[in-house]
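Open the model in your viewer and keep the selection tool at hand. We will go stop by stop.

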Amino acid sequence: MNDTLETPLFFSWEVTNQCNLRCKICYNASGEKFDDEITPFEVADVVEKIAACKPLFINLGGGETLLRPDIENIVKKLIDKGIDVSLVTNGTVSVKNCSCV
């Protein structure tokens, strides 16, 4: 009997370094958006590569994930590929116009 996983159980993707807080206890030391963060154009390719690995779920983190303008698009693409999504937020950003939360 083979008890090893053939694919990753989950992925963790830090979608942005941008954060509206500067918490001293933050493990990530987030703050300003990095100049070389993945672009909305590159998201589809990354999602395809993740989906090809067939993980059960993905955790989206950062900085503050809800500050990323295309976060809903990222979540939708992952869900459309059959991947369960969890999203980390500091809870200070309004989610009125964000259906992914």
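A helix here is a DSSP run of at least four residues, a strand is a run of at least two, and both are numbered from the N terminus. Keep in mind that this is a predicted model.

**Stop 1: the whole chain.** Show the protein chain as a cartoon. Count two helices and three strands. Now trace the chain along its sequence: the pattern reads β-α-β-α-β. Switch to C-alpha atoms alone. Along the principal axes, they fill a box of roughly 50 × 30 × 25 Å.

**Stop 2: Arg22.** Select Arg22. Where does Arg22 lie? Look in the loop between strand S1, residues 10-16, and H1. Next, show the contacts of Arg22. Set aside its neighbours within four places in sequence, and Arg22 touches Ser30, Gly31 and Glu32. Arg22 and Gly62 are 40 residues apart along the chain, and their C-alpha atoms are separated by 13 Å.

**Stop 3: the two helices.** Select residues 40-52 for helix H1 and residues 71-80 for helix H2. How do they run relative to each other? Their axes come within 10 Å and cross at roughly 25°. Angles under 35 degrees count as roughly parallel, so H1 is roughly parallel to H2. The crossing of the pair is right-handed. Now show side chains at the contact. From H1, pick Val43, Ala44 and Val47; from H2, pick Ile74, Lys77 and Leu78. Colour these residues by type. Five are nonpolar, none is polar and one is charged.

**Stop 4: the largest pocket.** Return to Gly62, which is one of the residues nearest the centre of the largest pocket. The volume of the largest pocket is about 240 Å³.

How values were computed: Residues are numbered from 1 along each chain as its sequence is written. This is a predicted model: local features need pLDDT of at least 70, side-chain atom pairs count only at pLDDT 80 or more; totals for chains, interfaces and linings use all residues. Side-chain values use heavy atoms; hydrogens and water are left out. On a 1 Å grid over the protein atoms alone, a cavity is a set of points where a 1.4 Å probe fits but cannot get out, and a pocket is an open set with protein on both sides within 12 Å along at least five of seven lines; lining residues have an atom within 4 Å of a point. Grid points are joined across faces, edges and corners, and a volume is the space filled by probe spheres set on the points. Axes are lines fitted to C-alpha atoms, for helices over the stretch in contact, and angles run from 0 to 180 degrees between N-to-C directions. Angles under 35 degrees count as roughly parallel, over 145 as roughly antiparallel, 65 to 115 as roughly perpendicular and the rest as oblique. A crossing is left-handed if the near helix is turned anticlockwise from the far one by less than a right angle, and right-handed if clockwise. Contact means heavy atoms within 4.5 Å. Ala, Val, Leu, Ile, Met, Phe, Trp, Tyr, Cys and Pro count as nonpolar, Asp, Glu, Lys and Arg as charged, and the others, Gly among them, as polar.
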